[in-house]
Every structure is written in structure tokens, then in C-alpha cells.
Amino acid sequence: MIPVPSNTRVWLAAGVTDMRRGFNTLAAQAEKVLELDPYSGHLFVFRGRRGDLLKIIWWDQQGACLFSKRLEKGRFVWPAAKDGKISVTAAQLSMLLEGIDWRMPQKTWRPLKVG
């Protein structure tokens with residue numbers, strides 16, 4: 001997992017993104033389309049058209065980081081909005097990267113009685 005500081009925000013770029021892009025063009029997209037500073041230290045997550053590839057850009061105060069993940073099976077759960085941005089927590093990002101539906105997680109076990 002990416003060592004994200006606790007005060008870092010995670011932004012999902014709604015819609016699809018050309019996955020041929022590198023850090024510079026994704027940073028330009030974050031600045032122009034999402035209207036956010038790509039050098040703020042926040043994470044910006046982009047998804048490709050097929051839904052099985054993600055790219056994350058992050059400025060860690062020392063340099064530019066570009067992470068990518070491709071699922072062998074399935075698709076990443078993504079917001080239905082066509083444009084704009086959505087803020088998620090670091091825990092929701094972890095679920096997203098694991099292929100879990102981060103929008104409505106289900107608890108799998110609950111104690112039946114106390115004691």
C-alpha cells in the first residue's frame with residue numbers, strides 16, 4: 001500500500017481517462033478539470049475506459065509518483081458521474097484497490113452475545 005500521511009485527501013476523477021497519459025498530463029488534468037493543485041500532496045486516482053486499470057498520481061514533497069494497478073479479473077468500482085471529482089477516505093481507497101465495492105461495505109461478522 002502507498003504510505004499515505006493521515007492528512008492526505010484522495011480524489012477520484014469521475015469518468016474515464018486515457019491511460020496512455022503519464023504524470024505530467026494527469027497532473028494537468030487534475031489542475032484543469034478537477035480544479036485542484038496536483039502538487040498539494042493529495043492523491044489523484046484515474047480509471048481507464050475498460051475499468052480494469054487505475055493510475056494514481058501523488059506529489060510526496062520530494063518528487064512525482066505515478067502508481068498503476070491492473071486487475072486480472074473484474075473491474076474497479078467507480079462512481080457513475082460522467083465528470084467532476086469525488087473525495088474518498090484512505091480506507092475506501094484500500095477497498096477500491098482490492099476490488100471491493102467501497103461505496104457500501106458489508107460487515108461479515110457480528111457477535112451474537114456479549115461476554
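Contact here means heavy atoms within 4.5 Å. Keep that in mind as we walk through this predicted model, where local features need pLDDT of at least 70, side-chain atom pairs count only at pLDDT 80 or more, and totals for chains, interfaces and linings use all residues. Residues are numbered from 1 along each chain as its sequence is written, and side-chain values use heavy atoms, with hydrogens and water left out.

Start by selecting Ala 30, in helix α1 (residues 23–32); helices (H or I, at least four residues) and strands (E, at least two) are DSSP runs, numbered from the N terminus. Ala 30 is buried, at a relative accessible area of 0%. Buried means under 20% relative accessible area, exposed over 50%, and partly exposed in between (1.4 Å probe, protein chains only). Setting aside neighbours within four places in sequence, Ala 30 touches Glu 35, Leu 36, Pro 38, Phe 44 and Phe 46.

Next, pick Thr 17, in the loop between β1 (10–13) and α1. Thr 17 is buried too, with 6% relative accessibility. Beyond four places in sequence, its contacts include Leu 26, Phe 46 and Arg 49.

Now for the charged pairs. A salt bridge is a side-chain nitrogen of Lys or Arg within 4 Å of a carboxyl oxygen of Asp or Glu, and the count comes to 3.

- Select Asp 18 and Arg 20: their closest N and O atoms are 2.9 Å apart. Asp 18 is partly exposed at 31%, while Arg 20 is exposed at 75%.
- Move to Asp 52 and Arg 50, bridged at 3.4 Å, N to O. Asp 52 is buried at 10%, whereas Arg 50 is exposed at 58%.
- Finish at Arg 70 and Glu 72, bridged at 3.1 Å, N to O; both are exposed.
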